Amino acid sequence: MPTLRRSLAVAAVAALVLPLSACGSGGDGGPSDASGKVEGDITFQTWNLRANFKDHFEDLIADFEKKYPGTDVKWVDQPAEGYADKISADAAGGTLADVVNVSPDLAAPLAKAGLALDLDEAAGQYRKDYLEAAWASQQVPGVEGTYAFPWYLNTGPLFYNKSLFEKAGLDPEKPPTTYGELFDTALEIARKTDGEVATLANVPTIEDFGRYGVPLMNEEGTAFAFNDAKGVELLTRYKELYDAGGLDSQALTATPESSGKKFLTGAVAMNPGSALDLANFKKQAPSLYENIGITDQITSTGHVNMYVMGLLVNSQSDRKPAAVAFARFVTDAAHQMSFAKQVAVFPSSAGSLDDPYFTEEDGTDETRVRVAAAKSLKTAVNYTPVLFSEQMKTELRNEVAKALQGKQSPEEALDNAVKACDRLLRQQG
């Protein structure tokens, strides 16, 4: 999978665990005054972006330093592996960068520990310049404020292999559009191919429960709620698929990367993705690309899932005016559009998705996916709760695995997962 995909896949992020001594500071965000002259040296940390976008960021930094004489931006890029651990170590050691590339789940513990600047107070005048849902995605339940500038977004369609649909006697031009149709299609493909071809390669994640219409947390954000009747219904359908061979046999240990490879090799019939993947299909699996089907992301809520990245400003920075100015500079409409046209991502800046680049097709699959994704992003939701840590994801995955293997019922699995996640939530402080 493309390297950028690793930074976009929030589900693959390790949990950020701050020392207990840092917890419980009430999320006051530290000193929130970012007024004053924009000057001085600041450090800008990104997440696995230098290899492919070195020129873009070097030019952007040069433009900022030209606009604000007396500033100097040191760019540090960290690899995808161990990124959360790196942030945790920097936070504990007082060496956190002035501006940090984060996903919402990485920003949350920093906000709770008072290490993230509250932008509602420090830069609230910019709120109107971003999509409402993108700005809201940088907020933490139970903590007043917004703790990162929204940056790039992504979402994508559901890809399917038309040749595998034909092999199972299904119409390749009529892919499933609802969860009911998806499960029925998967059972039919498994039956017609004697279990040789699975339709899906992943067990349900918290995002899937959200798209299915399951309430994930209570309104206060103090407890999880995905063990309701609808959650049990979803897991029961996945159990049915697993038993019939409609869910890949290795799904219990699958990663986004391994699932992508399964789809590339024709071992599974459907896989979620984004416009980033089309070039990969064309290069690595030409026969798949020739038979690629593209359909909308399946959701019961009317809202697709949105992956979102942000730029957090360190509340302890000695150069907050410069840090805020730089984070805003990177995420303003012009620079977001520039970045989006280099990469298959989408800007979070208000109005940008109405640009012809995101609304006009030219007959290619690439623009078809881009236009459809841009349209869906206007009402998209980040279904992964900000407070849902990697430990919680592991607990849910383990309990789901037990249910699929028949070691416990779907209801027992979700009850146990909620209990474990609630316990971890209380430990977050």
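User: Is the crossing of α12 and α17 left-handed or right-handed?

Analyst: In this predicted model, the crossing of α12 and α17 is a right-handed one. As a general idea, two packed helices are described by the angle between their axes together with the distance between those axes. Here the axes of helix α12, residues 275–284, and helix α17, residues 365–377, come within 9 Å and cross at roughly 160°. Since angles over 145 degrees count as roughly antiparallel, that crossing makes α12 roughly antiparallel to α17.

User: Which residues of α12 and α17 make the contact?

Analyst: On the side of α12 the contact is made by Ala 275, Leu 278 and Lys 282, and on the side of α17 by Asp 365, Glu 366 and Val 369.

User: How do the axes of α10 and α18 cross, and at roughly what angle?

Analyst: Helix α10, residues 229–244, and helix α18, residues 390–404, have axes that come within 9 Å and cross at roughly 55°. These two helices are therefore oblique to each other, and their crossing is right-handed. In the contact, Leu 235, Tyr 238, Lys 239, Tyr 242 and Asp 243 of α10 meet Val 400, Ala 403 and Leu 404 of α18. Of the residues in this contact of α10 with α18, six are nonpolar and two are charged, while no polar ones take part.

User: In what order do the six strands of the open sheet with mixed pairing stand?

Analyst: The general idea is that strands of a sheet pair through backbone hydrogen bonds, either parallel or antiparallel. In this case the order is β2-β1-β3-β10-β6-β11, and the sheet is open. The edges are held by β2 (71–78) and β11 (346–347), and each has a single partner strand, so one side of each is left without a neighbour in the sheet. Within the sheet, β1 and strand β3, residues 99–102, pair in the parallel sense over two bridges, and Phe 44 stands opposite Val 99 in β3. Helix α3, residues 83–93, lies across β1, β2 and β3 and runs at about 150° to β1.

User: Which order do the strands take in the open sheet of three, and is the pairing parallel or antiparallel?

Analyst: The three strands follow the order β8-β7-β9, and their pairing is antiparallel. The edge strands are β8 (270–272) and β9 (292–295), each of which pairs on one side only, and the twist averages 25° from one strand to the next. Strand β7, residues 158–161, pairs with β9 over four bridges in the antiparallel sense, and Phe 159 has Ile 294 in β9 as its bridge partner. Packed on this sheet is helix α11, residues 256–264, which touches β7, β8 and β9 and whose direction makes about 140° with that of β8.

User: Where is Asn 48 placed, and what is its phi?

Analyst: Asn 48 belongs to the loop between β1 (40–47) and α2 (50–67), and its phi is near 60°, a positive value in a residue other than glycine. Asp 194, in the loop between α8 (179–192) and α9 (206–211), likewise has a positive phi, near 55°, without being glycine.

User: How many helices and strands are there in the protein chain?

Analyst: The protein chain has 19 helices and 11 strands. Its C-alpha trace spans about 70 × 50 × 30 Å along the principal axes. The radius of gyration of the protein chain is 22 Å, which agrees with the value near 22 Å that a compact globule of 429 residues would have.

Key. Residues are numbered from 1 along each chain as its sequence is written. This is a predicted model: local features need pLDDT of at least 70, side-chain atom pairs count only at pLDDT 80 or more; totals for chains, interfaces and linings use all residues. Side-chain values use heavy atoms; hydrogens and water are left out. Axes are lines fitted to C-alpha atoms, for helices over the stretch in contact, and angles run from 0 to 180 degrees between N-to-C directions. Angles under 35 degrees count as roughly parallel, over 145 as roughly antiparallel, 65 to 115 as roughly perpendicular and the rest as oblique. A crossing is left-handed if the near helix is turned anticlockwise from the far one by less than a right angle, and right-handed if clockwise. Contact means heavy atoms within 4.5 Å. Two strands pair if DSSP finds at least two bridges between them. The radius of gyration is taken over C-alpha atoms; the globule rule is 2.2 Å times the number of residues to the power 0.38. Ala, Val, Leu, Ile, Met, Phe, Trp, Tyr, Cys and Pro count as nonpolar, Asp, Glu, Lys and Arg as charged, and the others, Gly among them, as polar.
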